[in-house]
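Hi,

Here is the structure I promised to pass on. Have a look at it first, and then read my notes below.

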Amino acid sequence: MKRNKRFLPSEFGFDPARMGHALEPGRVTFDEKMIVRKAIQDAKIPFTYVCGAAFASYFAGNLSQMGTLFPPKEKVLIYGDGNAKVTILEEDDIAAYTIKTIDDPRTLNKTLYLRPPENELSQKQLVEMWENLIGKKLEHISISEQDFLASMKGMDFAGRVGVGHFYHMFYEGALTNFEIGEEGEEASKLYPEVKYTRMDEYLILYT
């Protein structure tokens, strides 16, 4: 039996089509991805874009702290009020959803958004999960939007890109601050059989 071919660009995080407002220099990431998308669509290559989730290994175990992959022991930096929602998924679950799209006509020439509802969390909710798990309250230090952006000064290129992406994620809520329209589908609704890892379970790995 002949299998249909489909192109799945390596994206998985922000939807670049929604990031035209992104800060420099980090916006280069999204501009380049849009060039690839345009080439795919101009060539009429069947595609599925998979977007919308932060990788758990980079954003969950460290309570979304920059510069480390491990949870803080005493103090945790909270971005703004800590209430912007971010979808965080374990990488195996991202792979499971992605594989299911390959021969699915419902995702042909569409964007699959990775937004399973129980993993759409604010940073404060993530920190609270960790505190409940370890039986200890951390000191919460809030950093304002202005101070966070000012921290870019003096950083190298990679550092400034990182700050910009964190800003869009944790101050704007850019992974979740929109309704999915006709151009997309939500992964957990299409594939309820995927038993995705909840973050309270995932954090046990770090105890």
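Let me start with the pocket. Helix α6 gives the largest share of the lining of the largest pocket, six residues. Helices and strands here are DSSP runs (H or I of at least four residues for helices, E of at least two for strands), numbered from the N terminus. Besides α6, at least two lining residues each come from α1 (27–42), β2 and α2. The volume is about 500 Å³. In terms of method, a pocket is an open set of points on a 1 Å grid over the protein atoms alone, where a 1.4 Å probe fits and protein lies on both sides within 12 Å along at least five of seven lines; a lining residue has an atom within 4 Å of a point. The volume is the space filled by probe spheres set on the points, with grid points joined across faces, edges and corners.

Before you go further: this is a predicted model, with local features needing pLDDT of at least 70 and side-chain atom pairs pLDDT 80 or more, while totals for chains, interfaces and linings use all residues. Residues are numbered from 1 along each chain as its sequence is written, and side-chain values use heavy atoms, with hydrogens and water left out.

As for annotation, the unreviewed UniProt entry puts "domain: NmrA-like" on residues 5–203. Positions from UniProt are in the numbering used here, feature names are shortened, and annotations may be inferred rather than shown by experiment. Over residues 5–203 the chain is 36% helix and 16% strand, with the end C-alpha atoms 37 Å apart.

Now the core. The largest nonpolar core holds 33 residues, and I88, F148, M169 and M199 have the most contacts inside it. At least two of its residues come from each of α2 (56–59), β3 (75–79), β4 (85–89), α4 (123–134), α6 (157–170) and α8 (199–202). Helix α6 supplies the largest share here too, five residues. Apart from this core lies another, of 13 residues, F12, Y97, L114 and V194 among them. By nonpolar core I mean buried Ala, Val, Leu, Ile, Met, Phe, Trp, Tyr and Cys residues joined through side-chain atoms within 4.5 Å. Buried is under 20% relative accessible area, exposed is over 50%, and partly exposed is in between (1.4 Å probe, protein chains only).

Leaving out neighbours within four places in sequence, I88 is in contact (heavy atoms within 4.5 Å) with A54, F55, A56, F59, A60, N119, L126 and M199. V163 sits in helix α6 and is buried, with a relative accessible area of 0%. Not counting residues up to four places away in sequence, V163 touches M66, F148, S151, M152 and M155.

Which residues of helix α3 (residues 91–101) are buried? They are D93, I94, Y97, T98 and T101. These cover an arc of only 135 degrees around the axis, so they are on the same side of α3; the arc is taken from the directions from the helix axis to the C-beta atoms. D92 and I99, on the other side of α3, are exposed. The buried residues pack against β1 (48–51), β2 (54–55), β4, β5 (110–113) and α7 (187–190).

Most residues other than glycine have a negative phi, and most peptide bonds are trans. The bond from E24 to P25 is cis, with omega near 0 degrees, and P25 is in the segment before α1. K44 is not a glycine but has a positive phi of about 60 degrees; K44 lies in the loop between α1 and β1 and is exposed at 72% relative accessibility. L63, in the loop between α2 and β3, has a positive phi near 55 degrees. At 0% relative accessibility, L63 counts as buried.

Finally, two isoleucines. I35 is in helix α1 and counts as exposed at 60% relative accessibility. I180, in the loop between α6 and β8 (184–186), is partly exposed at 27%. Leaving aside neighbours within four places in sequence, I180 is in contact with Y113, R115, E185 and E186.

Cheers
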